[in-house]
Amino acid sequence: MTALVTVTVLVASAFAQKNELTGIIGRTFISDQGVKNVNLFNNNVHAGAGLTFEVNYGRHLMGENFWRLTFEVPAVFNFDEDLNFAANSIPESYKSFFVTPSLRANAFATTAISPWVGGGIGWFSPSDQLEFGGPSGAKSSTTGVMQIGVGLDVRLTPHFTLCGGARDFWSGTPDILVDTGKSRQHNYFVGGGVVWRFGKS
């Protein structure tokens with residue numbers, strides 16, 4: 001009985017925290033894109049799995065045990081998305097940065113499974129060097145971004161939680177100096193990290 005009371009108090013305390021600060025590390029995955037009007041043995045631009053970091057502030061809006069609604073502002077940094085193409089006509093890599101304010105809903109708050117949806121802005125910065133050497137001339141650009149995601153939390157203490165999740169940032173495309181015929185792309189971010197909950201509701 002004492003153990004049950006203790007667990008109940010810890011769970012209630014954890015869900016009473018008003019604010020969340022999350023740090024996540026993972027990878028961003030982008031599908032291959034075919035280049036139009038070229039005749040090569042491989043006409044696809046291939047993207048590597050860029051090492052990506054997320055910093056996320058969240059604030060609990062409403063709901064407690066069965067469901068919760070949280071407003072969050074994730075900032076996601078991909079510092080080195082490597083590119084590969086058969087011809088020396090694309091930048092060797094690019095950086096990306098997404099900020100997408102979102103509403104995160106825990107349909108079953110005690111199980112910590114969270115779907116979310118949001119939108120915001122993104123920024124692409126291509127390398128100034130081509131893949132096999134030489135200046136690229138590719139330009140930085142901004143884009144509108146929509147995102148959906150799902151996450152899972154595993155509580156360690158009332159204030160700290162291990163988290164994992166996946167986000168799809170649907171954005172414009174970076175300037176890579178070739179025509180893929182696409183104006184939008186999916187940027188799939190998968191990672192894990194730690195959540196710190198603080199401040200009483």
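**Entry 1: nonpolar patch**

The strands here, like helices, are DSSP runs numbered from the N terminus (helices H or I, at least four residues; strands E, at least two). The model is predicted, and I read local features only at pLDDT of at least 70 and side-chain atom pairs only at pLDDT 80 or more, while totals for chains, interfaces and linings use all residues. Residues are numbered from 1 along each chain as its sequence is written, and side-chain values use heavy atoms, with hydrogens and water left out.

The largest share of the patch, 3 residues, comes from β9. The patch covers about 1000 Å², and its members include Leu21, Tyr57, Ile113, Phe160 and Trp196. Such patches are made of residues with over 30% relative accessible area and no salt bridge, with nonpolar side chains (Val, Leu, Ile, Met, Phe, Trp, Tyr) joined within 5 Å and like charges within 9 Å. Accessible areas come from the Shrake-Rupley method with a 1.4 Å probe, and for residues only the protein chains shown count as cover.

I then checked Ile113, which lies in strand β8 (residues 113-126). Ile113 counts as partly exposed because its relative accessibility is 45%; buried means under 20% relative accessible area, exposed over 50%, and partly exposed in between (1.4 Å probe, protein chains only).

**Entry 2: salt bridges**

How many salt bridges does a search of the whole structure find? I recorded 6, a salt bridge being a side-chain nitrogen of Lys or Arg within 4 Å of a carboxyl oxygen of Asp or Glu.

Glu54 and Arg167 form one of them, at 2.9 Å from N to O. This pair links distant parts of the chain, with Glu54 in β4 and Arg167 in β10, 113 residues apart. Both residues are buried.

Glu72 and Arg104 meet at 2.7 Å, N to O. Here Glu72 belongs to strand β5 (residues 68-84) and Arg104 to strand β7 (residues 102-106), 32 residues apart. Glu72 is buried, with a relative accessible area of 1%, and Arg104 is buried at 7%.

Arg167 also meets Glu72 in a salt bridge, at 3.3 Å from N to O. That pair joins β10 to β5 across 95 residues. I noted a network of salt bridges that links Glu20, Glu54, Glu72, Arg104, Asp153, Arg167 and Arg197.

**Entry 3: pairing of β5**

I followed β5 through its partners, where two strands pair if DSSP finds at least two bridges between them. β4 and β5 are antiparallel over 10 bridges, and Gly58 has Glu72 as its bridge partner in β5. β5 and β6 (93-99) run antiparallel with 6 bridges, and Asp82 stands opposite Ser93 in β6. β5 and β7 are antiparallel with 5 bridges, and the partner of Arg68 in β7 is Asn106. Strand β3 (residues 44-47) pairs with β5 in the antiparallel sense over 2 bridges, and His46 has Asn84 as its partner in β5.

**Entry 4: nonpolar core**

Which residues have the most contacts inside the largest nonpolar core? They are Val45, Leu83 and Phe169, in a core of 17 residues. The elements that give two or more residues to this core are β5, β6, β10 and β11. Such a core is a set of buried Ala, Val, Leu, Ile, Met, Phe, Trp, Tyr and Cys residues joined through side-chain atoms within 4.5 Å.

Last, I examined Ser96, which lies in β6. Ser96 is buried, with a relative accessible area of 6%. Leaving out residues up to four places away in sequence, Ser96 touches Val76, Phe77, Asn78, Trp123 and Phe124, contact meaning heavy atoms within 4.5 Å.
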